[in-house]
Every structure is written in structure tokens, then in C-alpha cells.
Amino acid sequence: MAELTALEDPKTRRVNEKHGDDHGVNLGRLRALAKRLKTQHGLACELWKTGDSAARLLSLLICRPKAFGRDELDAMLREARTPKVHDWLVSNVVKKSAHAEELRVAWSADADPAVASAGWVLTADRVAKKPEGLDLTALLDVIEAEMKEVPDRLQWAMNECLARIGIEHPEHRARAIGIGERLGVLKDYPTPPGCTSPFAPVWITEMVRRRQDGAAA
């Protein structure tokens, strides 16, 4: 904790706070610290218990994802109220857990939008990597009916799922692009030069083009 306090930088904190994160530790330095510590699951659990966001991010880098039980992961997600802790918990830990599918189903139907967003992130990941058994038409139905009006974090996750369906599944591509165009979600999102817009029709079209160009080469 003393090392983390020493890494605190006011400028980094100001930038992070604009995105809803309440710490001032540069993530590159945090990763370097995690690399030095290596996997230490017991320490990771103690760091998580502090409630400090930087400590929790570090804990997610040095923990053993498969050591967490289903209920532990559920409780951790509900405690993870800052965006970066939430994102790293899902991407670095839950996706590697044996409980990922059970939690995906439960979280997607949760009344808490932040929890539901985690379910949709896991669904987007499954759409891309293991779509067998998913009803993609039903997912598109839900996205079309609900994405426009849901809170930002959930909207972003549903939009990612929409894009993944369009990118990975040609038979649903036209509908996915059409839904994106009609809803207009993230159409005006500021995108830096050289980056792909998160607006689903643009995202889908660009990723498909890159794959086609790569295959042609």
C-alpha cells in the first residue's frame, strides 16, 4: 500500500477522475509492480479487501482467477463500482473462470445496469469465440428493443455485442448494421485519428474490410 501511495500522481488522478476512476496510479507502473510481484493469490485477496481502487487493480493482476468461487466473483463485481476495476475484473478474471458462463446468464438478467453490462461483455466475448448454443436472433431482438434507452455502461456493452454479431456472423451482418444505423448509438462518439469508431455500422464494416484485405494478401 505504501508503494501504491508513492506511485500516486495528481495529473493521472485528474485524468482518471474524468472517466469515473478514483485513483492516480499510472497503469503502466501498476503492471510493472504486478510483474515484479508475480502471482500471489493471498496477497491479491488482501489488496481487494482494502477497497482502494489502485490496490484492487493490482489484485486483479496478481490473483489466480480460477481460485475464486462463483459467489465470490458475484460479490466482487457488485463491489466494483469504478469503471476500470469493473472492466479488469471481467476481462482479467471472470473470463478465465469456470463460472463465466453461469455468471454471464445470471448477470445479463440482473436489474442493476452495471451488473447487467458485465453479462453483456461476457456475451460479446462468447459471440466471438464460442457462439454455439447462443440465439443470435434473440440477442439482436433485445438489443434493438432496449439499447437506445439503457444507461451508458450497459449501452456500451450491448453495442459491443451488436458489433461482434455483425463482424463474426455474416448471416446476421445486414441486420446488425441496420439496427446500429436506426438506433444511432455512439454515432457521434469522439474517435481519435487512426482509431475505429465504436458506432456499430462503422466498426463492423471496418473490421470486415480488414479481414478481407488480410485474406486477399
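# A tour of the model, starting at a loop

Select Pro 190, which sits in the loop between helix H12 (170–183) and helix H13 (200–216). Helices here are DSSP runs of H or I with at least four residues, strands are runs of E with at least two, and both are numbered from the N terminus. Pro 190 is exposed because its relative accessible area is 63%; the cut-offs are under 20% for buried, over 50% for exposed and partly exposed in between, using a 1.4 Å probe and protein chains only.

What you have open is a predicted model, in which local features need pLDDT of at least 70 and side-chain atom pairs count only at pLDDT 80 or more, while totals for chains, interfaces and linings use all residues. Residues are numbered from 1 along each chain as its sequence is written, and side-chain values use heavy atoms, with hydrogens and water left out.

## Along the loop, then to the cysteines

Stay in the loop between H12 and H13 and select Leu 186. Its phi is near 65°, a positive value in a residue other than glycine. Is Leu 186 buried or exposed? Leu 186 counts as buried because its relative accessibility is 16%.

Cys 161 is buried, as its relative accessible area is 0%.

Go on to Cys 63, which is also buried, at 7% relative accessibility. How many disulfides does the structure hold? The structure holds zero disulfides, a disulfide being a pair of cysteine sulfur atoms within 2.5 Å. Cys 63 is thus without a disulfide, and the nearest cysteine sulfur, that of Cys 45, is 7.8 Å away.

Select helix H3, residues 27–37, and colour Leu 30, Leu 33 and Ala 34, which are buried. These buried residues line one face of the helix, because they fall within an arc of 100° when seen down the axis of H3. The arc is taken over the directions from the helix axis to the C-beta atoms. In general, an α-helix has 3.6 residues a turn, so residues three or four places apart point the same way.

Turn to the other side of H3 to find Arg 29, Lys 35 and Arg 36, which are exposed. What covers the buried residues of H3? The cover includes helix H1 (2–7), helix H5 (53–62) and H7, where contact means heavy atoms within 4.5 Å.

Next, select Lys 38 in the loop between H3 and helix H4 (41–49). Lys 38 is not a glycine, yet its phi is positive, at about 60°. Lys 38 counts as exposed because its relative accessibility is 60%.

## Helix H2

Select Thr 12 in helix H2. Thr 12 is buried, given its relative accessible area of 19%. Leaving out residues up to four places away in sequence, Thr 12 touches His 23, Gly 24, Val 25 and Asn 26.

## The largest pocket

A pocket is defined on a 1 Å grid over the protein atoms alone: it is an open set of points with protein on both sides within 12 Å along at least five of seven lines, and a lining residue has an atom within 4 Å of a point. Grid points are joined across faces, edges and corners, and the volume is the space filled by probe spheres set on them.

The largest pocket has a volume of about 820 Å³. To find it, select Pro 83, Lys 84, Asp 87, Arg 153 and Trp 156, the closest to its centre of the 26 lining residues. Helix H2 (10–18), helix H7 (83–93), helix H9 (113–129) and helix H11 (152–168) each give two or more residues to this lining. By class, 11 lining residues are nonpolar, eight polar and seven charged. Nonpolar covers Ala, Val, Leu, Ile, Met, Phe, Trp, Tyr, Cys and Pro, charged covers Asp, Glu, Lys and Arg, and the others, Gly among them, are polar.

## The second largest pocket and helix H8

The second largest pocket has a volume of about 240 Å³. Its lining includes Lys 95, Ala 100, Arg 104, Leu 122 and Lys 129. Helix H8 (100–108) and H9 each give two or more residues to this lining. Which helix gives the largest share? H9 does, with four residues. The lining has eight charged residues, two nonpolar and one polar.

End on H8, whose buried residues are Ala 100, Leu 103, Arg 104 and Trp 107. They lie on the same side of H8, because they cover an arc of only 110° around the axis. Their cover includes helix H6 (70–79) and H9.

Technical notes
1 Å grid on protein atoms, 1.4 Å probe; cavity = no way out; pocket = protein on both sides within 12 Å on 5 of 7 lines; lining within 4 Å.
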